[in-house]
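Q: I am new to this structure and would like to go through it step by step. Could you take my questions one at a time?

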Amino acid sequence: MKGKIPAIIRKRLPMILVVIGILLIAYPIVGQIYARYQEEKMLEEWLNSIDVSDFEDFADADPEESLARLQETFEAEDGGDGSAGTGGSGNTGSDGEQQAGDGGTGAGGNAGQKSSASDLSNQKVLGIIQIPKIKVKDPIVEGVEASNLKAGIGHIPGTPLPGEPGNCALAGHRNYALKKLFRRLDELESGDEVIIITKTETLRYAVTEKVVVEPDEVSVLLRGSDKSIISMITCTPMYVHSHRLVVFADLVERVPKEP
């Protein structure tokens, strides 16, 4: 009997190795799915508890100063907004583009996950932005500090909130480790849909225009004074970050949430 055990193991060893290999491949994927599930559950809880008065202090902010702060945040991210921390190593993602490494953030194996519970724990969440064409689904948080843009898409203080009259300005990294955020923003064309879900309603926007401007160009914040629009801002070109890509979209429909 003892002599048969090694033979059985040798016979089944290839299958065992295949199973181990599958588990090693599946582990990070399952981890990302679970992290995403946690994030969406947390966002739903926060959307049900948002108090608009929480954002009154930010409404008095100077949007031009906020835009200047955004540029500082972009530039502080290792010479641009492509990597988190310093010394990150690149790797190639499933879409064939190089993705910046997390290098030195202390996030370890979780660096490639979407916004985690720890990223969002100290954020003021306004809602969720969805852009079906480029597969964006991320939280909108108040502010444009490094911690804000690590957690999701930042709302520029001093600009209107989503759905309010005027230009609601939103900023996001082009690529933050494996979080894609506004990475594919340049693919949007006129008519493409952008959806923002808030505590009280679902807002549907249609893209109208995209422009490339200098980093300190404040005119992008001055549009839409007579209607509700959003301007989505990120760095361009990819990995160079010398200019800003801005995509504008007009509010075309608002659907109140059912009680």
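Q: Where is K135 found?
A: K135 sits in the loop between β3 (125–131) and β4 (136–142). Helices (H or I, at least four residues) and strands (E, at least two) are DSSP runs, numbered from the N terminus. This is a predicted model, in which local features need pLDDT of at least 70 and side-chain atom pairs count only at pLDDT 80 or more, while totals for chains, interfaces and linings use all residues. Residues are numbered from 1 along each chain as its sequence is written, and side-chain values use heavy atoms, with hydrogens and water left out.

Q: What is the phi of K135?
A: K135 has a positive phi of about 60 degrees, although it is not a glycine. Most residues other than glycine have a negative phi, and most peptide bonds are trans.

Q: Is K135 buried or exposed?
A: K135 is exposed, at a relative accessible area of 70%. Here buried means under 20% relative accessible area, exposed over 50%, and partly exposed in between (1.4 Å probe, protein chains only).

Q: Which residues does the cis peptide bond join?
A: The cis bond joins T236 and P237, with omega at about -10 degrees. P237 is placed in the loop between β9 and β10.

Q: Turning to the strands, what runs through the closed barrel?
A: Eight strands form the closed barrel, in the order β3-β4-β5-β6-β9-β10-β8-β7, with mixed pairing. Two strands pair if DSSP finds at least two bridges between them. From one strand to the next, the twist averages 30 degrees.

Q: How many bridges pair β8 and β10?
A: There are 12 bridges, and the two strands pair in the antiparallel sense. One of the residues involved is L203, whose bridge partner in β10 is R254.

Q: Which strands does helix α3 lie across?
A: Helix α3 (residues 63–76) lies across β6 (166–171), β9 (228–236) and β10, and runs at about 30 degrees to β9. Axes are lines fitted to C-alpha atoms, for helices over the stretch in contact (heavy atoms within 4.5 Å). Angles run from 0 to 180 degrees between N-to-C directions.

Q: How many salt bridges are there in the whole structure?
A: A search finds 10 salt bridges. A salt bridge is a side-chain nitrogen of Lys or Arg within 4 Å of a carboxyl oxygen of Asp or Glu. Side chains of opposite charge can pair when their charged atoms come close.

Q: What does R254 meet in a salt bridge?
A: R254 meets E201, at 2.9 Å from N to O. R254 lies in strand β10 (residues 243–256) and E201 in strand β8, so the pair ties together parts that are 53 residues apart in sequence.

Q: Is E201 buried or exposed?
A: E201 is buried, with a relative accessible area of 14%, whereas R254 is partly exposed at 40%. Not counting residues up to four places away in sequence, E201 touches I196, R254, V255, P256 and K257.

Q: And which residue forms a salt bridge with R204?
A: One of its partners is E193, the closest N and O atoms being 3.0 Å apart. That pair links R204 in strand β8 (residues 201–213) with E193 in strand β7 (residues 193–197), 11 residues apart. R204 also meets E253 in a salt bridge, at 3.5 Å from N to O. Since R204 lies in strand β8 and E253 in strand β10, this second pair ties together parts that are 49 residues apart in sequence.
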